[in-house]
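Please look over the notes below alongside the coordinates. They take up one topic at a time.

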Amino acid sequence: MGCQMERKKISKEMLGDSQALRKLREHLVKVAKAKTTVLLRGESGTGKELVAKAIHELSPRAKQPFIKVNCAALTETLLESDLFGHEKGAFTDASSLRKGRFEAADKGTLFLDEIGEISGSFQAKLLRVLQEQEFERVGSNHTIKVDVRVIAATNRDLETAVQRKEFRQDLYYRINVVTLRVPALRERRGDIPLLAAQFLKNFNTENDHTLTFAPEAIEVLMNCEFPGNIRELENCVQRTAVLATGPSILRTDFACYADQCLAAALWKNGPPTSEKSTTIEPSAACAAPPVGDGQAPIGPATTRGRVPDADTVIAAMEKCGWVQAKAARLLGLTPRQIGYVLRKRGIEIKRL
Ligand SMILES: Nc1ncnc2c1ncn2[C@@H]1O[C@H](COP(=O)(O)OP(=O)(O)OP(=O)(O)O)[C@@H](O)[C@H]1O
């Protein structure tokens, strides 16, 4: 009974009934009970943050704060003061004392997203606080003790990073106590109709619409690779709903039929290494969804997606303070994909 209630509580936000998701739910219900550090692994957009929140909400710390930090979004100096806080006058802009996120998360949970991106010297500082649960604010000698449960997440291959000496082995072992793998959307395609229906419902509510999916639209979605996972599905549903031509969303309303499915274009077999052309083949599955009635798919026979132009990418990067991970999100790309686009367009990253 207790377990059923727990499942209900999680499923409010974490939609999905595939075997992969059910297994993940079972595991997270178990790990929620302990204070153990949890490492969430999985591609960008698979729902790692939702899983972290679910663990917190099912844990004895549920009534305490859940604090999130994106380790990739800040420089080392900013990350240090963000996590540990600083004393008044510790550096030029430190006009007043500021508590850090470790203090804010005391008795609760701290979610360290994109932990694989932190610098070598900061890894050492983080290791200490994870081991000892104590630290000093920047500019202070006073040691502060906290009781924080840490959940970390990464989409990076940490084992290779350890081998290359880019990630400390001791920190790797410290965070890798319990690892939960969040499956890619293509590994749980059965959840696509449910997720898409929810995203369309959200769109309808927000925009006072009553759009529905025609069965052929669900077929298009079921056949897409979704390299950007659930985030991309959500964007795809929104984009299609905004541009839909009638009350029922049809196959022809999708970007892949209008030569505009960028994510699919960038994905085929992962980001291409060849720099020969400015266009690359989209995922065949997305470009030409199978049709149940045996007809040829409607839409261009050789749909090609385009890599976003330099102006678009620069505008997105400017808007996001030149933080790649944020700009990737804005453009609906994965971090790997935006790295590819930046290289392809010869855009030099500004260090602010
Ligand atoms: N099971 C789910 N049910 C409903 N929505 C979901 C589910 N999983 C993820 N989402 C939605 O997908 C989007 C991406 O999820 P989230 O930010 O948790 O992914 P992530 O793996 O943490 O991504 P990143 O690695 O890029 O930070 C969010 O809008 C989230 O609400």
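Helices (H or I, at least four residues) and strands (E, at least two) are taken here as DSSP runs, numbered from the N terminus. The model is a predicted one, in which local features need pLDDT of at least 70 and side-chain atom pairs count only at pLDDT 80 or more, whereas totals for chains, interfaces and linings use all residues. Residues are numbered from 1 along each chain as its sequence is written.

1. Arg61 lies in the loop between H3 and E2. With 20 C-beta neighbours inside 10 Å, Arg61 counts as buried, a term that requires 20 or more other C-beta atoms within 10 Å of the residue's own, with 12 or fewer meaning exposed, anything in between partly exposed, and C-beta atoms placed from the backbone. Leaving aside residues up to four places away in sequence, Arg61 touches His56, Lys107, Gly108, Thr109 and Arg149, where contact means that the C-beta atoms, placed from the backbone, lie within 7 Å. Arg149 is 88 residues from Arg61 in sequence, yet their C-alpha atoms are 8.8 Å apart in space.

2. Strand E1 (residues 38-41) pairs in the parallel sense with strand E8 (residues 149-154) over four bridges, pairing being assigned if DSSP finds at least two bridges between two strands. Four bridges also join E1 to strand E9 (residues 178-181), again running parallel. Leu40 stands opposite Ala153 in E8, while Leu39 stands opposite Thr179 in E9.

3. In helix H4 (residues 76-84), the buried residues are Leu79, Glu80, Ser81, Asp82, Leu83 and Phe84. The buried residues of H4 pack against several elements, including strand E2 (66-70), helix H5 (101-104) and helix H6 (120-132). Gly85, which follows H4, has a positive phi, near 80°.

4. Helix H15 (residues 324-331) and helix H16 (residues 335-344) pack at an angle of about 95°, with their axes 9 Å apart; the axes are lines fitted to C-alpha atoms over the stretch in contact, and angles run from 0 to 180 degrees between N-to-C directions. H15 and H16 are therefore roughly perpendicular to each other, the class for 65 to 115 degrees, with angles under 35 counted as roughly parallel, over 145 as roughly antiparallel and the rest as oblique.

Note on methods: Two residues are in contact if their C-beta atoms, placed from the backbone, lie within 7 Å.
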